[in-house]
Amino acid sequence: WRPVLSSLASVVPNIVVIVTTTWLIVLAMRITNRAGDKVKWQGLMTVIATAVAYCLSALPVGLFYILEPSIQDPILYVHFRRATHAILNINVMTNFFIYSLTVQSFRQFLRQRAALIGGAICGKRGGEARISGVR
């Protein structure tokens, strides 16, 4: 039963992500069509890219759990397990880049915070005033 349960545990989350992402996209398009608005591609691209990044990062872990019973070499087992879980953790880091590329307000927020921190590090006062364009 272990290989079957491992397969389900690795496949089901990806299926849930794909189904809910598709459902959200269809729902968003229906709502915008009813309201006569344009589809906000920025939000849709963020959702799609986040879902794809998760699915791609979860695939190696799923593969590990499927192949786990057949791995005989303890060193290979440890390295394979570590590598697949490290790839899964990369998903958290990719979200930062996805949001930076697709969400304009997130980029503005980052610029503001970077200016504040840069001003504080350089010892300059009034970092907030420089951000808003007032000197």
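Let me start with phenylalanine 64, which in this predicted model is buried, with a relative accessible area of 0%. Phenylalanine 64 belongs to helix 2, and the buried residues of that helix are Leu44, Thr46, Ala51, Ala53, Cys55, Ser57, Ala58, Pro60, Val61, Gly62 and Phe64.

Helix 2 itself deserves a moment, since both of my topics today start from there. Helix 2 has 27 residues, and from its first C-alpha to its last it reaches 39 Å, close to the 39 Å expected at 1.5 Å a residue. If you follow the helix along, you will find a bend of about 30° at leucine 59, with a proline, proline 60, following within four residues.

Now, among the buried residues I listed, serine 57 is one to look at in detail. Serine 57 lies in helix 2, which covers residues 41-67, and at 5% relative accessibility serine 57 counts as buried, because the cut-off for buried is under 20%.

Let me turn to the aromatic rings. The structure holds six aromatic pairs, and I will describe two of them. In the pair of phenylalanine 64 and phenylalanine 80, the ring centres are 5.3 Å apart and the planes stand at 75°, so the pair is edge-to-face. This pair links distant parts of the chain, with phenylalanine 64 in helix 2 and phenylalanine 80 in helix 3, residues 74-102, the two being 16 residues apart. Whereas phenylalanine 64 is buried, at a relative accessible area of 0%, phenylalanine 80 counts as partly exposed, at 22% relative accessibility. Both rings also belong to a cluster, in which ring pairs link Phe64, Tyr65, Tyr77 and Phe80.

As for accessibility, phenylalanine 96 counts as partly exposed at 38%, and phenylalanine 106 counts as partly exposed at 23%.

Notes. Residues numbered from 1 in each chain as written. Predicted model: local features only at pLDDT ≥ 70, side-chain atom pairs only at ≥ 80, totals over all residues. Heavy atoms only, no water. Buried < 20%, exposed > 50% of the residue type's maximum accessible area, 1.4 Å probe, protein only. Phe/Tyr/Trp six-rings, centres within 6.5 Å; stacked < 30°, edge-to-face > 60°. Expected span 1.5 Å × (residues − 1). Bend = angle between axes of the 7 residues up to and from the residue.
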